[in-house]
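Please keep the sequence and the model in view while reading.

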Amino acid sequence: MPISLQTPARAPEAVLPLSGAELLAPLEELARVSAHVIAEPVGEFSANGGRHVLKRFVFLGPEGGGEMIRIGLFGGLRAGDSVGTHALIRFATLLAENPRRARGYCLFLYPQCDPAARAAGVGLWTNHRLEEIRMLERE
């Protein structure tokens, strides 16, 4: 069954300054209309002078005959880059239109990994003390 959401076929190059709520609105709507998508906040935290919510969306595919394969997908790792978030929204929408594509899978989507960094306009791991994190930051 087609699900009608306002998601672009291709993620825009630069979408700032959408707020976190505006950015995640299509996934919130998908969770409302699809039996396969569940919105589950991970928790709330304080940072940069404000309260923030780390959101998780779970896509449950139809049973596949064995134990469900669990996979985590992450977006929003950089404050100024929402392309990964848009890709997760598009991916979830396509799966919701044809859930059999995810038979046997339980997908955990974290579309905005650091909402505090997005609100403050800084990177997730900016100037981290560990070299391996700085390497990932440059990727």
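In this predicted model, E29 and R32 form a salt bridge whose closest N and O atoms are 2.7 Å apart. Both residues belong to helix α1, where they are three residues apart, about one turn of the helix. E29 is partly exposed at 29% relative accessibility, whereas R32 is exposed at 61%.

**Other salt bridges**

- The structure holds three salt bridges.
- E28 pairs with K55, and their closest N and O atoms are 2.7 Å apart.
- Because E28 lies in helix α1 (residues 20-33) and K55 in strand β2, this pair ties together parts that are 27 residues apart in sequence.
- E28 is partly exposed, with a relative accessible area of 29%, and K55 is also partly exposed, at 28%.
- A salt bridge joins R56 to E40, with 3.1 Å between the closest N and O atoms.
- This pair links distant parts of the chain, since R56 is in strand β2 and E40 in strand β1, 16 residues apart.
- E40 has a relative accessible area of 31% and is partly exposed.

**The sheet and its helix**

- Four strands form an open sheet in the order β1-β2-β4-β3, with mixed pairing.
- Its edge strands, β1 (37-47) and β3 (69-74), each pair on one side only.
- On average, neighbouring strands of the sheet are turned by 20° against each other, direction ignored.
- Strand β2 (residues 50-60) pairs with β1 in the antiparallel sense over ten bridges.
- Helix α2 (residues 83-97) packs on the sheet and touches β2, β3 and β4 (105-110).
- The direction of helix α2 makes about 150° with that of β4.

Notes. Residues are numbered from 1 along each chain as its sequence is written. This is a predicted model: local features need pLDDT of at least 70, side-chain atom pairs count only at pLDDT 80 or more; totals for chains, interfaces and linings use all residues. Side-chain values use heavy atoms; hydrogens and water are left out. Two strands pair if DSSP finds at least two bridges between them. Helices (H or I, at least four residues) and strands (E, at least two) are DSSP runs, numbered from the N terminus. Axes are lines fitted to C-alpha atoms, for helices over the stretch in contact, and angles run from 0 to 180 degrees between N-to-C directions. Contact means heavy atoms within 4.5 Å. A salt bridge is a side-chain nitrogen of Lys or Arg within 4 Å of a carboxyl oxygen of Asp or Glu. Buried means under 20% relative accessible area, exposed over 50%, partly exposed in between (1.4 Å probe, protein chains only).
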